[in-house]
Protein chains: 2
Amino acid sequence: MSTAQSRAGTLYIVGTGPGDPELMTLKAARVIGSAKVIAYFAKRGRQSHARSIAEAHISFGAEELRLEYPFTTERDVNDENYIVGISEFYAECTARIAARLDAGSDVGLLCEGDPFFYGSSQALLDRLGTAYKTVVIPGVTGMSGCWTCAGMPMAHGDDVLAVLPGTLDEENLVERLVASDAAVIMKVGRNLAKIRTALQRSGRAARAIYVEHGTMTGERVLPFVEFEEMTAPYFAVVLVPGRQRRR
Amino acid sequence: MSTAQSRAGTLYIVGTGPGDPELMTLKAARVIGSAKVIAYFAKRGRQSHARSIAEAHISFGAEELRLEYPFTTERDVNDENYIVGISEFYAECTARIAARLDAGSDVGLLCEGDPFFYGSSQALLDRLGTAYKTVVIPGVTGMSGCWTCAGMPMAHGDDVLAVLPGTLDEENLVERLVASDAAVIMKVGRNLAKIRTALQRSGRAARAIYVEHGTMTGERVLPFVEFEEMTAPYFAVVLVPGRQRRR
């Protein structure tokens, strides 16, 4: 992949944190400021969240690589069209980034939250990490941002915490909620109705909290039982705080 | 608690991140630099980890409140002596911090990792949060620091991730490991032998990773099967990465 490995640039995969630009790490700010090339994922026709968070630190004159997803709606990860389309997309992203690294430029790939925690950059690390020097910078996760803006200590002492995608089937959600002291349900989006039923069946609805756009403009935090809408954004989360044994 | 509420200082509970001082957030660095009083937990005869991480940002002339734990060894959370001793300790910490807040000083209480994720500061928030203005600053968790320094993407797509205290009994650990795609086992310490057996029984030993002092001096990362010692530090973690369905 690289014909000039020794002079190739370094790929920095930079966690930008949950949304508030001040919740980036000192290391992320430094690396973003010094990279000649800044890359980020974006949805068609939308601003890149990660870029918005990092914007103040991007150096004047840095080249920007906007990596635009080929899909505009949520897709099932087992859908064959999704699998083919996303593979082609990642191959194209890989080629664009590799060209800059080969030319000797450092590339900062921005990633919301923490890159190794449900991060979109993992597919590019799989494709670039063996051929190029790669440095990953962890970030504050979206869920940490959400429970902090909810003012809700989540887990303490011997609590078991489960991180559950809302895509799990209802039985599975109920079982895991019952078996855990604390839980974070992610990807609420079109799974809202099922999640609502699972929270009721597991006895967790009363202490659950709904958070939308945590630490960002448009932040909404409310007790889940007071959230009566029938739709929610993809990135909304439901928190079920632990600490039920505290004295 | 406060007789001059309107002029009382603000309590900032500041997540300092996993250990590397550069993994503090910009907000944490700013708040630590401006607080007149900096408080932190410490073990008797030891440096405070949180203070070491934050040291470069503490302003010249800030008052420091060292909150020294009354116990020097790991205690069972159900031990009556522990319960009485720790309650007295928290009451004393509360009084010391409240006195500074009442005098109008802002207090920055340092907390390793993320305060609302197994943080030691939660007990003081319970005691001070209703009487004083409190701001919590989330941080990069210790587990994010560990999986980043292990170079190990942990969870992706529809993975279920379980955060498990090593204090769980063996059957419980085995069941939860089998039921999850990814897992983090914390508080390895004196639970090492049990954790080793649970990893073997659950079929997770081969992909598990042992991390000690992640992102700090003395960092050790190795495949769990190559870690043959019979003891481990309290704060060591075992990571079981997910992403087994990736293409």
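Which residue of chain B forms a salt bridge with A:Asp158? In this predicted model, the partner is B:Lys187, and the closest N and O atoms of the pair are 3.3 Å apart. In total, four salt bridges were found across the interface of chain A and chain B.

The interface itself involves 57 residues of chain A in contact with 57 residues of chain B. About 4500 Å² is buried between the two chains, and 56% of this area lies on carbon and sulfur atoms. A:Glu22, A:Leu26 and A:Phe116 supply 15% of the area that chain A buries against chain B, more than any other three residues. Polar contacts between the chains amount to 34 residue pairs, with both residues at pLDDT 80 or more. On chain A, the elements that contribute two or more residues to the side touching chain B are α1 (26–34), α4 (122–128), β5, α5, β6 (161–165) and α6 (170–179). Of these, β6(A) gives the most, with five residues. Classified by residue type, this side of chain A comprises 30 nonpolar, 14 polar and 13 charged residues.

Helix α5 of chain B, spanning residues 142–149, was examined for burial. Six of its eight residues are buried, so the helix is largely enclosed by the rest of the structure. The buried positions are B:Met143, B:Ser144, B:Gly145, B:Cys146, B:Trp147 and B:Thr148. These residues pack against elements of both chains: β5 (134–137) and α5 (142–149) of chain A, and β6 (161–165), β7 (182–186), β8 (209–212) and β10 (237–240) of chain B. After α5(B) comes B:Gly151, which has a positive phi near 65 degrees.

In chain B, the pair of B:Phe89 and B:Tyr90 is tilted, with 5.6 Å centre to centre and 40 degrees between the planes. Both partners are buried: B:Phe89 has a relative accessible area of 5%, and B:Tyr90 one of 10%. In chain A, a single aromatic cluster is formed by A:Phe41, A:Tyr69, A:Phe89 and A:Tyr90.

Notes
Residues numbered from 1 in each chain as written. Chains lettered and ligands numbered in written order. Predicted model: local features only at pLDDT ≥ 70, side-chain atom pairs only at ≥ 80, totals over all residues. Heavy atoms only, no water. Buried < 20%, exposed > 50% of the residue type's maximum accessible area, 1.4 Å probe, protein only. Helix = DSSP H or I, 4+ residues; strand = E, 2+ residues; numbered from the N terminus. Contact = heavy atoms within 4.5 Å. Phe/Tyr/Trp six-rings, centres within 6.5 Å; stacked < 30°, edge-to-face > 60°. Buried area = accessible area lost by both parts, 1.4 Å probe. Salt bridge = Lys/Arg side-chain N within 4 Å of Asp/Glu carboxyl O. Polar contact = N/O pair within 3.5 Å; in protein donor to acceptor, adjacent residues only side chain to side chain. Nonpolar A, V, L, I, M, F, W, Y, C, P; charged D, E, K, R; others polar.
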